[in-house]
Amino acid sequence: MSTLRWLAVGAVVCVLSGAARAEEKPDYAKMLVGKWEITKADEGTVAPGTIVVFTDDGKIKLTGKKDDKDITMEGTYKVEGDKFTFTFKDGDNEHKDTITITKITKTEMTTKNKEGKVVECKRKS
């Protein structure tokens, strides 16, 4: 009887540890690294077609169009949990914002800003 109890306890422990692993959050910092293309974006965010590159050393580069002009912005970012904060400098001006990642896979990402505006991306590489 004692052996059966230990087997039952072992089975429960295995099931619970497997369930805990399945609920673990993705490693946002690793999954964010790469080249992303904006496919859909709420007004007041970035234009669809914009390319955003996140490097593994905390640098971010954005290239796209604004008001029919080509733009390129470079800065830094830091990931904390499901959020990343980026900073772009334009001369003496600094633009800083925090974005929440609401969904991320190997090929897609959806984010929202503090105002709840949503941006959808597809991985380019």
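First, the ground rules. The model is predicted, so local features need pLDDT of at least 70 and side-chain atom pairs count only at pLDDT 80 or more, while totals for chains, interfaces and linings use all residues. Residues are numbered from 1 along each chain as its sequence is written, and side-chain values use heavy atoms, with hydrogens and water left out.

Now the layout. The protein has two helices and eight strands. Helices here are DSSP runs of H or I with at least four residues, strands are runs of E with at least two, and both are numbered from the N terminus. Along the sequence the pattern reads α-α-β-β-β-β-β-β-β-β.

How much of the protein is buried? Of its 125 residues, 24% are. Buried means under 20% relative accessible area, exposed means over 50%, and partly exposed lies in between (1.4 Å probe, protein chains only).

Let's turn to strand 8, residues 118–123. Strands count as paired if DSSP finds at least two bridges between them. Strand 8 runs antiparallel to strand 1, residues 34–41, with five bridges. There, alanine 41 has valine 119 as its bridge partner. Strand 8 also pairs with strand 7, again antiparallel, over five bridges. In that pair, methionine 109 stands opposite cysteine 121.

Strands 7 and 8 form a hairpin, with five residues between them. In the turn, glycine 116 has a positive phi of about 85°.

That brings us to asparagine 113, in the loop between strand 7 (108–112) and strand 8. Is asparagine 113 buried or exposed? It counts as buried, because its relative accessibility is 14%. What does its side chain reach? The backbone nitrogen of lysine 117, at 2.9 Å. Further along the sequence, leaving aside neighbours within four places, asparagine 113 is in contact (heavy atoms within 4.5 Å) with Thr45, Asp97, Thr98 and Ile99.

Strand 3 supplies the largest share of the lining, five residues.

How values were computed: A polar contact is a pair of N or O atoms within 3.5 Å; within protein, one must be able to donate a hydrogen and the other to accept it, and residues adjacent in sequence count only if both atoms are side-chain atoms.
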